[in-house]
Amino acid sequence: MEESRIAQPIGTALDRFIKSNQDQFAFASGELSQLLRDIALASKVVNREVNKAGLIDIMGAMGSMNMGGDQQQKLDVLANIRFSRALMKGGEACALISEESESYLDLNNHGSYVIAIDPLDGSSNIDVNVSIGTIFSIYRRKSPPGTPIQQQDILQKGSEQVAAGYILYGSSTMLVYTTGYGVNGFTYEPTLGEYFLSHPNLRQPINGKIFSVNEGSYKSFSQSVRNYLHHCKDEGYTGRYIGSLVADFHRNLLKGGIYIYPSTAKDPNGKLRLMYECNALAFVAEQAGGKASDGKNRVLDIQPTSLHQRTPFYVGSRNMVEEAEKF
Ligand code: AHM
Ligand code: MG
């Protein structure tokens with residue numbers, strides 16, 4: 001991992017930052033830069049909708065289910081539409097994998113990139129005014145642009161991501177991303193409608209004292225996970241769990257900690273999806289000096305075999321994840 005090659009001062013606008021770092025991409029044609037701009041733009045629209053969710057009648061269940069069998073909220077659907085439209089218009093992406101669609105969506109067949117996205121994660125938190133997020137991964141397609149999309153373009157390992165990140169719709173809205181040269185965080189200034197660099201070259205503390213897990217599922221955890229949780233308590237760690245992956249991840253990234261969604265008796269592969277939830281955060285974590293594991297193996301090395309595949313997920317401060325693995 002290298003640090004950002006071109007250091008930018010706090011307060012640099014996202015567009016300027018992307019432009020001045022463009023030459024660090026392996027294929028510096030400007031397409032990846034444009035993709036990042038498209039995602040940022042769509043996130044501003046989603047941010048506007050998230051912010052007025054309490055004001056107008058766009059909340060509540062639509063009565064439809066998504067692929068995980070969860071109730072689909074109107075804002076999930078809206079966010080999916082906003083991101084897919086922005087990517088479709090941009091023309092750089094050939095395919096879009098989304099939590100909200102069963103199979104991938106064909107975009108511009110001449111595009112060079114494949115995107116995996118969870119347009120609005122933590123949707124059970126929408127109705128209660130708690131932070132939610134968007135998670136995205138960007139891959140370069142393997143087949144030549146203009147030819148039919150192949151399985152090898154879609155089912156790529158996390159280690160093949162060329163960029164990834166998330167947007168956190170919280171007390172401030174933030175965009176955090178990596179292109180493989182460290183992690184940078186940008187805070188949205190709503191009156192100017194622009195993201196500004198606020199967290200340059202983010203590093204995750206190597207040790208932490210926060211553990212984030214849904215302990216309500218304790219009975220369905222394996223004995224080794226239970227033992228690890230006992231260990232966290234014996235050590236006097238702090239328990240913090242929002243139930244919104246992006247928000248839990250972001251806090252632990254800044255403060256040091258571990259987020260765990262292990263296998264359970266009901267879901268042997270846990271709940272979280274490899275391709276559009278775990279891989280992006282694993283890439284960000286590693287780029288910030290942290291670690292992401294399925295309990296045994298590096299998340300980024302898992303070969304996906306299906307779009308909506310799940311994986312147990314342990315992510316956060318390097319020493320904490322290594323310690324959890326030992327259990
Ligand atoms: P979603 O994609 O349906 O929103 O589910 C993912 C969310 C994560 O944000 C969160 O960490 C997790 O589900 C919480 O699950 P649980 O309620 O089982 O703890
Ligand atoms: Mg999700």
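1. D118 is buried, with a relative accessible area of 0%. Buried here means under 20% relative accessible area, exposed means over 50%, and partly exposed lies in between, using a 1.4 Å probe and protein chains only. E99 is buried too, at a relative accessible area of 6%.

2. A word on the basis. This is a predicted model, in which local features need pLDDT of at least 70, side-chain atom pairs count only at pLDDT 80 or more, and totals for chains, interfaces and linings use all residues. Residues are numbered from 1 along each chain as its sequence is written, chains are lettered from A and ligands numbered from 1 in the order in which they are written, and side-chain values use heavy atoms, leaving out hydrogens and water.

3. Strands (E, at least two residues) and helices (H or I, at least four) are DSSP runs, numbered from the N terminus.

4. Next, ligand 1. It is surrounded by 16 residues, and the closest are D121, Y241, L245, Y259 and Y261. To count as near, a residue needs a heavy atom within 4 Å of the molecule or strand. By class, the shell holds 4 nonpolar, 5 polar and 7 charged residues. Both β5 (113-121) and β13 (258-261) supply at least two shell residues each. Domain 1 (10-199) and domain 2 (210-326) each give at least three residues to the shell. These domain bounds come from an automatic or database domain assignment.

5. Which atoms of D121, L245 and K271 approach the oxygen atoms of ligand 1? For D121, a polar side-chain atom lies 2.5 Å from an oxygen atom of ligand 1. For L245, a backbone N or O atom lies 2.7 Å from an oxygen atom of the ligand. For K271, an N or O atom in the side chain is 2.8 Å from a ligand oxygen atom. Taken alone, ligand 1 exposes 470 Å², and the protein buries 85% of that. Accessible areas come from the Shrake-Rupley method with a 1.4 Å probe; for residues, only the protein chains shown count as cover.

6. N129 has a positive phi, near 60°, and is not a glycine. N129 is in the loop between β5 and β6 (132-140), and is exposed, with a relative accessible area of 76%. N201 also has a positive phi, about 45°, without being a glycine. N201 falls in the loop between β10 (194-199) and β11 (210-212). N201 is partly exposed, at 22%.

7. S124 is in the loop between β5 and β6, and is exposed at 61% relative accessible area. G185 lies in strand β9 (residues 183-189) and is buried, at 0% relative accessibility. G185 and K142 are 43 residues apart along the chain, and their C-alpha atoms are separated by 29 Å.

Methods. Polar contact = N/O pair within 3.5 Å; in protein donor to acceptor, adjacent residues only side chain to side chain. Nonpolar A, V, L, I, M, F, W, Y, C, P; charged D, E, K, R; others polar.
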